[in-house]
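Please look at the structure below before reading this note. The points are meant to be checked against it one by one.

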Amino acid sequence: MPSVFIKTYGCQMNERDSDAVAAQFIACGYTLAASEAVADVVLLNTCSVRDAAEQKALGRMTNVAATIRKQGRQVVLGYLGCMAQSRGRELLGAGVNLVLGTQKLHRAAELADELLAGRQTTLCDTEAEAGSEAQIRDHVLALNDSRPVVSAYVSIMQGCNQRCTFCIVPQTRGEERSRSIEDIVAECRGLVARGVKEITLLGQIVTSYGRRLIPVQDGKSPFVQLLEAVHAVEGLERIRFTSPHPKGYGTDLVEAYARLPKLCESAHLPVQSGSNRVLKLMHRGYTRERYLELVGQLRTAQPRIGLGTDIIVGFPGETGEDFAQTLDLVQRVQFDSAYVFKYSPRKDTPAAAMPDQVPVEVREERHARLLLAVTEIGQARLQRLVGQTVQVLVEGPSRKNPARLEGRTRSNQIVVFEGTPRHVGQLLDVHVTRASAVTLYGDPAILNPD
Ligand code: SAH
Ligand code: F3S
């Protein structure tokens, strides 16, 4: 049997896409290889959001191609995803014989077969394809692992129409295209039947879900209608989603947190900057005042809500005063977690051509300062949970210490505690006894005897 190895770079959307591609190969008779060194098909599912992500994939491919050349094996070497989409044919050569764009992932196994059988020598397909958003639906789940999968991602849409001036995603993922509610619910039901307890709905801009497809009903946006439909799936315990856009976060969605008990009190709400001037240059569509108001609304609806964000430092034209506004916003909001990125100019994006590009040293200095601030805030937020009892969905053995279990709170913090494999998939109340920088430790309040 031929085998495939898929390495993923970037976001949860890419993780999900890779899993669907792996499921497709399995359906075509492949096994999953343990490493590149033994695989017949090696695929790198790439990310283009920052230059560093592209460089990582390119570097890895150079190493893999060199190893395979030395081995003298006949192997399919391919790039999938965002970088494949934006660079296309230029990636072919030096051992690479397959390049597949973001709307062609469902053809990966079929095309790899063509190459393995020698019917083609190279293949590159980055065309748009109607209906491709509905193709990311199969899951591998626990095939190579005895540990059951309790938490799964479900892709609800592809693409983004927002056109933030720094972002390459609208180019690489295309126009917003949403799956139907029925299709998504059917996938969720299937996952729950296989033991999944928690589902994270995924898309680049989930608050735009179904905008042109599904009319607003009783003041509820299509995305809130989808949340309700998924909420009705029997046996599902928890729902999360990522990423929403602050602009699309209406009161219907804020209210959903108070209304839908399965919806976890957690939100990843990318703010990008705390300066109105920069937000405008970024084409984000909200002000810092509106963002702070939204945070207030969410905390009123769910006082224990966990809030995460993404922030870019050193966007073209960002002054010391603009950056001070970002630091100020971070202090006001008190995020539980935040990703801080140095601005990276991307091909054919409006920001790359803007005047006043910020020097690399300034980007680095601001990055270090902001990172320190968000880390301190995040640690203090975690410490506040010590002494409290939190609900944990048990996911499996702890990654750091397999003798213990780990799971997540509803507000998305990792908790490590004593237990047995029987508890995997259960919801437990855990008393938090201490917190490290990013992890909580605790004792289960009552261990279910079975
Ligand atoms: N809406 C998407 C955004 C994908 S990109 C989502 O959250 O799913 C993820 C993050 O990368 C963005 O929120 C932004 O903070 C960062 N990012 C995007 N383009 C960037 C660039 N050119 N330079 C630096 N960071 C960038
Ligand atoms: Fe990118 Fe902005 Fe969309 S960050 S994915 S263009 S919301």
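1. Basis. This is a predicted model, in which local features need pLDDT of at least 70 and side-chain atom pairs count only at pLDDT 80 or more, while totals for chains, interfaces and linings use all residues. Residues are numbered from 1 along each chain as its sequence is written, chains are lettered from A and ligands numbered from 1 in the order in which they are written, and side-chain values use heavy atoms, with hydrogens and water left out.

2. Overall form. The protein chain has twelve helices and 19 strands (DSSP runs numbered from the N terminus: H or I of at least four residues for helices, E of at least two for strands). Its radius of gyration is 22 Å, close to the 22 Å that the globule rule gives for 450 residues, so the chain is as compact as a globular protein of that length. The radius is taken over C-alpha atoms, and the rule is 2.2 Å times the number of residues to the power 0.38. Along the principal axes, the C-alpha atoms fill a box of roughly 65 × 60 × 45 Å.

3. Burial. Of the 450 residues, 54% count as buried. Buried means under 20% relative accessible area, exposed over 50%, and partly exposed in between, with a 1.4 Å probe and protein chains only.

4. Ligand 1, contacts. An N or O atom in the side chain of Gln 272 is 2.7 Å from an oxygen atom of ligand 1. Asp 310 also places a polar side-chain atom 2.7 Å from an oxygen atom of the ligand. At Ser 344 a polar backbone atom is 2.8 Å from a nitrogen atom of ligand 1. Taken alone, ligand 1 exposes 550 Å², and the protein buries 88% of that.

5. Ligand 2. The residues around ligand 2 include Cys 160, Cys 164, Cys 167, Gln 204 and Arg 284. Its shell divides into seven nonpolar, three polar and two charged residues.

6. Salt bridges. Side chains of opposite charge can pair when their charged atoms come close. The whole structure holds 30 salt bridges, each a side-chain nitrogen of Lys or Arg within 4 Å of a carboxyl oxygen of Asp or Glu. Arg 107 and Glu 110 form one, at 3.0 Å from N to O. Arg 107 is partly exposed at 25%, and Glu 110 is partly exposed at 42%.

7. A buried pair. Arg 238 and Glu 198 meet in a salt bridge at 3.4 Å, N to O. The pair links distant parts of the chain, 40 residues apart: Arg 238 is in strand 11 (residues 238-242) and Glu 198 in strand 10 (residues 198-202). Arg 238 is buried, with a relative accessible area of 1%, and Glu 198 is buried at 2%.

8. A network. Arg 16, Asp 19, Arg 179, Asp 183 and Glu 187 are linked by salt bridges. Between Arg 179 and Asp 183 the N to O distance is 3.7 Å. Arg 179 counts as buried at 2% relative accessibility, whereas Asp 183 counts as partly exposed at 29%.

Note on methods:
Polar contact = N/O pair within 3.5 Å; in protein donor to acceptor, adjacent residues only side chain to side chain. Areas by Shrake-Rupley, 256 points an atom, 1.4 Å probe, with all protein chains shown as cover. Near = heavy atom within 4 Å. Nonpolar A, V, L, I, M, F, W, Y, C, P; charged D, E, K, R; others polar.
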